[in-house]
Every structure is written in C-alpha cells, then in structure tokens.
Amino acid sequence: MAQNEVFFIDDDLIERLLRGDATPASPKQKRPAASSGLAAAVALANDGKLDEAVRELEGALERGENPIEVQSALGHLRFEQQKWSEAQGHYAKVAEREPKHPTAHYNLGLCLERQTKFQEAAKEFEAALAIDPKRWQAQVGRGLCLLRMNQAEAALPCWEAAQGELRASKKPQRQDDILFGKAVTLHQLGRLEEAAELYQKLLPLNPNSIDLLSNIVSLAGARQEEMQAKEMAERLLKIQ
C-alpha cells in the first residue's frame, strides 16, 4: 500500500455527519407552518409520498405562500431524493431572499459537497459560520471539503473548532466522526504519532470500520510497524 494513501469516510457516514441528524435532548417547541401547502406536504412526506409533497409545495409557490418556508422545504425534499442540483437551487433562492437565513448557506454547502463542488461548498460553510459560529456541523463540512481539496493544513482548525463547540455546548454527543476527520488530517500532514493515537482511540468503538482499518494499515506501513500492519490487514480482509 502506498505510504501516502489515505482513505476517507464512506458516503453514508459523510451524509450523516454533515446533515447533523442527531435527535436533540430537548426538542424545540413546535410552531404552526406559515404555509398551508407546507403542512400538507409534511403529511405527504411522512407517508413517503415525496413526489406528491413536491407538487404540493410547487403549488404553494404558485399561490404566493411564504416563499422562504416553501423554498426551504422544497430544498429538504429534493435533498432527501438525492437531487442535489435541484435542492441547491431552492436553497440558493432562500439565501438570495434572506442572506442571513440561519440554515440556507449551510444547506447550500451540503448540496454543493454532494456534487463534489468542494471549493464552492467550503465558501458556503464559511458563510454559515459567519451567521452562526456555534454550528459545529458547518466546521465539519468545511473541514471535509478542504481535505478533499488536499488542504489539510487549513482543515485542521475546523476539527478543533468543532470539538470546542461541542465541549462548550455540554451536550452529550459522540465525536467519532470529528476525531476520524482530525486523524485523517494529521495523517495527511505527516503527523503520524498524533494520527495513530486518534486511530487507536477510535478502533474499540468502530472495530469493523473499513475506512479506519485501512488507514491504520497505511499508517503502520509508513511507520514500518509490520506486525500491526499485518494484524490490521488480516482483520480488514475478514470483513471485506
């Protein structure tokens, strides 16, 4: 295995990480939808009728119902359908109408990242952080994009900032994904001892992670630790 080869987290893990889908400990108080079309679309989406929900929202736009709320909802549905370009268009309209919208730039970043437009995505995550510096998911998104652009030096502060925000929030939250991103960054920077420490910390919690085991094999080879490289390679072969 090439000494400088570094693997990335799989797509499902990236999507979960970026969407920030963890259920909050204290759910926010619900508010009535400003659009009747949105209320109907939510009911349809809950039944798995996403195309019908989209048509309901498009009708709401034609009727002149709340454009910010409706465009945001259309973005969410198109993202769920993995129609990244269409979702991007809806979120862009929200950002255009309301430049300081709390989530529009962050959501734009997600769509752009999914289309491998990493430079544009990183800028949107930066814009999201300018509006809400506590949004640790935007730090993670920017860090991932910078890694994809081989800018590990610039990515490192993103992981550290995300960790800092989570610590400050005092909310229970596993940081496996952040630690893995930080480890990959340190690995790319040649800071092998620090990367190895993080990989070893993650291994008991993710013993069957192909990405993690692959990186440990790569790192062990770079450090000429033949026994560990062999052991991890054998574990990797058993689960592939």
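How many residues does α7 have, and how far does α7 reach from its first C-alpha to its last? I looked this up first, and α7 has 14 residues and reaches 20 Å, close to the 20 Å expected at 1.5 Å a residue. The expected span is 1.5 Å times one less than the number of residues in the helix.

Ground rules, before I forget. This is a predicted model, where local features need pLDDT of at least 70 and side-chain atom pairs count only at pLDDT 80 or more, while totals for chains, interfaces and linings use all residues. Residues are numbered from 1 along each chain as its sequence is written, and side-chain values use heavy atoms, with hydrogens and water left out.

**The whole chain.** I found 13 helices and 0 strands in the protein chain. Helices (H or I, at least four residues) and strands (E, at least two) are DSSP runs, numbered from the N terminus. Of the 240 residues, 45% are buried. Buried means under 20% relative accessible area and exposed means over 50%, with partly exposed in between (1.4 Å probe, protein chains only).

**Back to α7.** I checked which residues of α7 are buried, and got F118, A121, A122, E124, F125, A128 and L129. They cover an arc of only 160° around the axis, so they sit on the same side of α7. The arc is taken from the directions from the helix axis to the C-beta atoms. On the other side of α7 I found Q119, K123 and A130 exposed. The buried residues of α7 pack against α6 and α8 (136-148); a contact here means heavy atoms within 4.5 Å.

**Aromatic rings.** Rings of Phe, Tyr and Trp (its six-membered ring) pair if their centres lie within 6.5 Å; planes under 30 degrees apart are stacked, over 60 edge-to-face, and the rest tilted. I get 3 aromatic pairs by this rule.

Next I looked at Y106 and F125, a tilted pair with 5.9 Å centre to centre and 55° between the planes. This pair links distant parts of the chain: Y106 is in helix α6 (residues 104-114), F125 is in helix α7 (residues 118-131), and they are 19 residues apart. Y106 is buried at 3% relative accessible area, and F125 is buried at 0% relative accessibility.
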